Amino acid sequence: MEKLAPNPMHSYLSRFSHSRWLRCLPSLGGLALGGLAACGPNQQSAPVFGGRGAVVDPGASAAQAEAKPAKGPCDSVPASEDARLDDFEDGDHRLFGGFEREGWWFTATDHTPGAQVFPAEGKFEPVSLASEGTPENQFAAHLRASGQTDWGVTWGTTLAHVGAEAKCPLNAGHFAGLRLRARGKGVLLVRFGMPETTAAEFGGSCSDKCWDMHSFLLRLSDAWETREIRWDQLQQGGWGKSVRFDPARLMSLQFAATVPNLPADAWLDDVEWIRPASPKAL
Ligand SMILES: [Ca+2]
């Protein structure tokens, strides 16, 4: 697995959302103690192996902590029902409006001198489809990059539930995965950031080996194709902390071009969640 982005969100996002994301951190720490994997050295919740066949009891206090995780404003985020994420027709860098949902498109690069990236950092904007367009579909995202030599480039959007009390990870638990239309060359790594894989400086709960997000390798073709990525097709790279995937706590959706996959040239449009065949499909 190639080296991945240690710092994939643009500083603009940090300035925009950091303070409000931080309000969620106490509850996210509680979730970590509740048995979900975490990155911090003091957040280990798995049994401690004391030798072959032996398991050391982590102690009554640890068991109590697992049984009664701390409660916070992000512990009971209602599931989002808005499937459409963006069709880029409004021409801006904000997600399609959804009830108590917020997301901002961004670009992040490794800042290799002389490298090219479009849209540029802090200047994410849809592109006209020109002669390819129709009256109903005139804009899409066009992602291009070349020359990066460290970890590459990541484009993506933040995902947040904005309630009355706090800004929290988005609950996409009522959906089965992601659908989009895409064309281009090469591959993009489609990644879903959770608190446990997102560095604390960007509002997550990870402090070590961060950004090993649950991912899917999307192979692009020259023609526009509708592609679907189901939750059960996602996997981590394996170089970071192992985390149980939970679509009910998503912080970002990212499209990454790592160094071996550069130059990158991809078009994306009609990004949406997949509604399950039945409400209990998940
Ligand atoms: Ca469009």
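The following legends describe close-up views of a predicted model.

Residues are numbered from 1 along each chain, as its sequence is written. In this predicted model, local features need pLDDT of at least 70 and side-chain atom pairs count only at pLDDT 80 or more, whereas totals for chains, interfaces and linings use all residues.

**View 1. Overall composition of the protein.** The protein has three helices and 17 strands; helices (H or I, at least four residues) and strands (E, at least two) are DSSP runs, numbered from the N terminus. Of the 282 residues, 38% are buried. A residue is termed buried if 20 or more other C-beta atoms lie within 10 Å of its own, exposed if 12 or fewer, and partly exposed in between, with C-beta atoms placed from the backbone. Among contacts with a separation of 6 or more, 77% link residues 24 or more positions apart; two residues are in contact if their C-beta atoms, placed from the backbone, lie within 7 Å.

**View 2. The open sheet of five strands.** The strand order is β5-β9-β16-β13-β14, with antiparallel pairing. Strands β5 (105–109) and β14 (214–219) form the edges, each pairing on one side only. From one strand to the next, the twist averages 20 degrees; axes are lines fitted to C-alpha atoms, for helices over the stretch in contact, and angles run from 0 to 180 degrees between N-to-C directions. Two strands pair if DSSP finds at least two bridges between them.

**View 3. Strand β13 and its partner β16.** Strand β13 (residues 187–193) runs antiparallel to strand β16 (residues 252–257), and five bridges join them. Phe192 stands opposite Leu253 in β16, and Gly193 stands opposite Ser252 in that strand. Six of the seven residues of β13 are buried, which leaves the strand mostly covered. In a regular strand, side chains alternate between the two faces of the sheet.

**View 4. Strand β13 and its partner β14.** These two strands also run antiparallel and are joined by six bridges. Val190 has Phe216 in β14 as its bridge partner.

View 5. Arg219 is classed as exposed because 12 other C-beta atoms lie within 10 Å. The C-alpha atoms of Arg219 and Ala182 are separated by 9.5 Å, and the two residues are 37 residues apart along the chain.
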